[in-house]
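Dear colleague,

I am passing on the structure below, together with a short account of what was found in it. Please read the account with the coordinates open beside you.

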Amino acid sequence: MIRFDGVTVRYASSDAVRLRDATFEIPEGELCLVVGPTGSGKSTLLGCINNLVPRFTGGIRTGSIHIDGRDTTLLQPRELATTVGYVGQDPLAGFVTDTVEEELAYSMEQLGYGAAEMRRRVEETLDLLGIADLRDRALRTLSGGQQQRVAIGSVLAVSPRVLVLDEPTSALDPIAAEEVLATVSRLVRDLGTTVVIAEHRMERVIEFADSVLLVGEEVRIGPTREVLAASPVRPPIVDLGVRLGWHPLPLTIREARRAAAEQRRAWLESPPPLPAPAPGGRPVLTAQDVVVRYPQKLAVAGVDLVLRSGGVTALMGRNGCGKSSLLWALHGAGRRDGGTVRPADGARIALVPQTPADLLYLATVAAECAAGDATAGLAPGTTLSLLRRLVPRIEPAAHPRDLSEGQKLAVVLAVELAGDPDVVLLDEPTRGLDYSAKAELRDIIAAMAAEGRSILLATHDVELVADACDRVVVMAEGEVVSDGPTRDVLAGSALLATQVAKLTNPTPVLTVREYLDVAR
Amino acid sequence: MLRSALPRPLHPFAWWGYAIGLAVAASSTTNPLLLAGLIGAAIVVAMSRRGSNPWAKSFALYLWLAVFIVVLRVGFRILFGGGDGPTILLTLPEMPLPSWVRGIRLLGPVSLEAVLAGLYDGLRLATIVVCIGAANSLANPKKLLASLPAALYELGTIMVVAVSALPQLGESLQRVVRARRLRRGSAARSRRDRLRAVETIIVPVLSDALERSLALAASMDVRGYGRSGSGGRRRTLALGLGAIGLLTVWAFRFLAGSPDVRLAGVPIVSVALAAAGLGCGVAALRVAGRSVRRTQYRPIRWRWPETLTVLCGATAVLLVTAVAEPTVVFPAISPFAWPSLTGPLLLALAAAVLPATLTPPPSMSKVAP
């Protein structure tokens, strides 16, 4: 169905090759999962399938690509519209119309479908994606998961032979992501469309994947288990399976539970010694009865919170439960309609917002760092050296907008850390980060905690929380519903449990590292 | 029940036809009773047949605009006078003005005639505004643009994109302004610092908007936008330029009052120029439209309620302009005569209010609750 022959892509602005000599073939009707570390060219490869790369991005592509037996080199993306359906990361950025029905019909209007045919297909698509009750709704009023389902529906309406999904859930919270991925897996079974998907929540898709395409120094394709065993990025249970040499390699929790049955029984008889949370330092920030009230909504309804030095606290809860409002209220730059926030004497608070790029406005990374030095009254170069410590490979002459999400976050973090804050608040720093970028973030957080700073991060990512945080606060409808050590909160919850915790339940082992430590 | 009378949106052209009819009727009368009646009819129709869309809610704005127009007109007459008559209602202390503003009077005697002239005039403009407002809230603007010739399709696309881009721009502005408070900036001391503060907001907002528009362009392309062939572009251009040229010459001759060859009272050269220009324009739209192969999702078909609605508007115009006596349509101000409504005008008002019941209701929940 899709055949790449020696495809190499290089962008015009740099000599670096984004994709080197990719040669592979994806048969018809398969679900192919694309994996690889950040910057390995996953998005480039997906864009090549419908010629968005290089038609929209610029650059040079060599080699040949055949879709459905047709060489696509000279075709515009629009001419491939009926062959390849493409869904990007941010559904809202791709919407052309404003209501669900019109969005579903848009492609067909462009391609000149008859009115009756169009109506039939819109109705079918509404049912296929389970969005029939949303048909008249304005797109902006939908939740993220619903928006992404509409986006998938809008390309499926013209029944393309190939569906390309580029990280369709990276901007969604876990529940919405679940919704979208469940839909995708159902489509694969029902429609037999060839699907190529890049997804950082791999564990949700590998079950259904027929093959895995690993993008890196070389591009290779093969059966899921074989390729994942050699992949540098893999979900926790697969990682555990590889390290313990389980055979066959488990892909789902059920398979892994079977493989670990003996270990579980042994732990039930003699509970393993699990590390206890470190005792907290002195309180650096005390908040009492914090209330944030918007005209239509009570965002934070009386929250008490004490942050201690050296502590890393996770703030969890579904989208819109008041996490961001609480962070902004704690910092003082946001709205606070009641309660008190008392930093310990002289303690400074820094906040990294959800879209760090909002704070970057200069032409180069070096200039941003220099501006950071100037406002904080530091010796020139302090911020830059701090940034080098966070991400050693960053290019000071690069434009901040050209950086990856993880690097942008690091730049803003460096600028904020230059003021030597005692409390660092991070609003969803894991958005758009993949496994390796998250590992870097975890190291940065650990380093900040070791310096005695107190860190509070709002996140949906349980694996990161299990790895990096010692305390978890869960919010719902503006109130704190649970607050305790990470192990108690995560392992005791059905929704927040990590993959390893689900595997070892009822013994509360949270991460692969812990499992390997105590199993030894 | 007839299928065409089932709940459905009416064709936007029908609503505009009806509303323009009402507006024309209003513009050719100063009878305050008739004007008030027309406003009432427009309100009744708009309230009973508008949908639940955002543009439907704009009607209240037009009503306030109408009130403002009337108040302004009457207020100006009281303040500055003009059209004064012998019937003095009250005398306000006149403000002395310097001699070089001769001809303008501030306050002073207020005559009934001046106030009435202002009221009638204001009411007429207000009625036209209310009619346009009614059309705007009754007809779906997106369907209206989609019903235009295919060559004007791009206009519709631009409007829809702009409408969805504006709130996004507002959101990102809000976000950036909020985020800016995080970078402990030095307080604005000099003008340069203040400029810098503006830069810190504008640069992220604009680069955000730019990124978004690139993403949108890619998304539109991926979904087949602009796939149709670009054939006939040169012919379209030639015909379009021809139309503009011919119409310009015609307009110049018309405005300059150039002598014309008349045959049976018809100015031949002018008519020929206008017809040729319009013909070229239509042909250009046709040719451009033929190269665009797009279709419309759920097009609204023209059925008998549409025809009836337009007929109602036309009837109102006909009755007011041709049938009713001029003395009733333009009631005298000086000497003052009470305005009245005669048979034809009452019929016109009845025709104006009929679409409220003749047309199908806009929509209803088709599923049992």
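The domain bounds used here come from an automatic or database domain assignment. Please keep in mind throughout that this is a predicted model. For chain A the assignment gives domain 1 as residues 2-234 and domain 2 as residues 283-506, and the C-alpha centres of domain 1 and domain 2 of chain A lie 32 Å apart. Between them, 11 residues of domain 1 of chain A are in contact with 12 residues of domain 2 of chain A, and the side of domain 1 that touches domain 2 is made up of five nonpolar, four polar and two charged residues.

Turning to the strands, chain A contains an open sheet of four strands in the order β2-β1-β4-β5, with antiparallel pairing. Because β2 (17-26) and β5 (70-71) of chain A stand at the edges and have a single partner strand each, one side of each is left without a neighbour in the sheet. Within this sheet, β1 (residues 2-10) of chain A pairs with β2(A) in the antiparallel sense over six bridges, and A:I2 has A:I26 in β2(A) as its bridge partner.

A further antiparallel pair is formed by strand β18 (residues 471-476) and strand β19 (residues 479-485) of chain A, which are joined over six bridges, with A:V474 standing opposite A:S482 in β19(A). β18(A) and β19(A) form a hairpin with two residues between them, and in the turn A:E477 has a positive phi of about 50°.

How values were computed. Residues are numbered from 1 along each chain as its sequence is written. Chains are lettered from A and ligands numbered from 1 in the order in which they are written. This is a predicted model: local features need pLDDT of at least 70, side-chain atom pairs count only at pLDDT 80 or more; totals for chains, interfaces and linings use all residues. Two residues are in contact if their C-beta atoms, placed from the backbone, lie within 7 Å. Ala, Val, Leu, Ile, Met, Phe, Trp, Tyr, Cys and Pro count as nonpolar, Asp, Glu, Lys and Arg as charged, and the others, Gly among them, as polar. Two strands pair if DSSP finds at least two bridges between them.
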